[in-house]
Structure formats: C-alpha cells, structure tokens
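Please take me through this model one selection at a time. Tell me what to pick next and what is found there.

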Amino acid sequence: MTRLRALWSGDLPLGEAFWTYAVAVALAVNISTSLAFLALISADRPIAALFVGYALSVPYNVVALVGVWRSAARYSGERLHADLARIVTLVGMVLLSVT
C-alpha cells in the first residue's frame, strides 16, 4: 500500500512509475480482470462481470495515470521523456479502461 501511495503522490522515479506500474502491473490487472469478466459473462453473471471488469481495473488505471503524470512533473531529465511517458500512459489507460 505504501508503494501505491508513493505512486499516487508522484514520489516514485518516472521510470519505475511508468514501466512498473503503468505497463507491467497495469497489464496484469487489466488482463486478469478481463479474463474474470469473460468468465462471469459466460456464467450469466453480468452485474458481477461489470463490477470485476470495470470497478476493479478503472480505479487502478486512474492511479497509474495520476502517478506517472505527477512523477513526470518532478522528472529532472529530458522533458521529452516525461512528456512521452504522460502521453503513452494516457492513451494506454484510456484504451485499457474502455475495452
């Protein structure tokens, strides 16, 4: 939980926030919730499927996006890298949240 708080507040280095939380963990969360969504739909449990598919993954995607955005604001390296991390995370989280 401490790492998620650090991510949310932008206290993590940009590389860790982006590669670990916006790429690796986000893919794991979204793939697992998508599989659970499909299993629940197949079991004719649409309300549970919606909850698992969106109520669990979308909040994580928001936390990852905000964390990368704030970490990018504190990034002392090349500005282009921070801007690219923001853009890629925004597009990725939107795509993962609506599909």
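Which residues form a nonpolar patch on the surface? Select Leu27, Ile31, Leu35 and Leu38: they make up the patch, and together they have about 390 Å² of accessible area. Patches take residues with over 30% relative accessible area and no salt bridge; like charges are joined within 9 Å, and nonpolar side chains (Val, Leu, Ile, Met, Phe, Trp, Tyr) within 5 Å. The areas come from the Shrake-Rupley method with a 1.4 Å probe, and for residues only the protein chains shown count as cover. Ile31 is in helix H2.

Before the next stop, some ground rules. The model is predicted: local features need pLDDT of at least 70 and side-chain atom pairs count only at pLDDT 80 or more, while totals for chains, interfaces and linings use all residues. Residues are numbered from 1 along each chain as its sequence is written, and side-chain values use heavy atoms, with hydrogens and water left out. Helices (H or I, at least four residues) and strands (E, at least two) are DSSP runs, numbered from the N terminus.

**Helix H4**

Select residues 57-74. This is helix H4, with 18 residues, and it reaches 26 Å from its first C-alpha to its last, close to the 26 Å expected at 1.5 Å a residue. The expected span is 1.5 Å times one less than the number of residues.

Now colour the buried residues of H4: Ser57, Tyr60, Asn61, Ala64, Val66, Gly67, Val68, Ser71 and Ala72. Buried means under 20% relative accessible area, exposed over 50%, and partly exposed in between (1.4 Å probe, protein chains only). The buried residues of H4 pack against helix H1 (2-9), helix H2 (14-42), helix H3 (46-55) and helix H5 (79-98).

**The core**

Go to Leu12, Leu14 and Val68. In the largest nonpolar core, which has 16 residues, these three touch the most other members. H1, H2, H4 and H5 each give two or more residues to this core, and H2 gives the most, with six residues. A nonpolar core is a set of buried Ala, Val, Leu, Ile, Met, Phe, Trp, Tyr and Cys residues joined through side-chain atoms within 4.5 Å.

Stay on Val68 and show its contacts (heavy atoms within 4.5 Å). Leaving aside neighbours within four places in sequence, Val68 is in contact with Leu7, Leu14, Ala17, Phe18, Ala22, Ala85, Arg86 and Thr89.

Next, select Thr89, in helix H5. Thr89 is buried, at 2% relative accessibility.

**Salt bridges**

How many salt bridges does the structure hold? There are two, each being a side-chain nitrogen of Lys or Arg within 4 Å of a carboxyl oxygen of Asp or Glu.

Select Arg3 and Glu16, whose side chains meet at 2.3 Å, N to O. Arg3 lies in helix H1 and Glu16 in helix H2, so the pair ties together parts that are 13 residues apart in sequence. Arg3 is partly exposed at 41% relative accessibility, and Glu16 is partly exposed at 24%.

Then select Arg74 and Asp11, which meet at 2.4 Å, N to O. Arg74 is in helix H4 and Asp11 in the loop between H1 and H2, 63 residues apart. Arg74 is exposed at 53%, and Asp11 is exposed at 51%.

**Last stop**

Finish at Gly77, in the loop between H4 and H5. Gly77 is partly exposed, at 35% relative accessibility.
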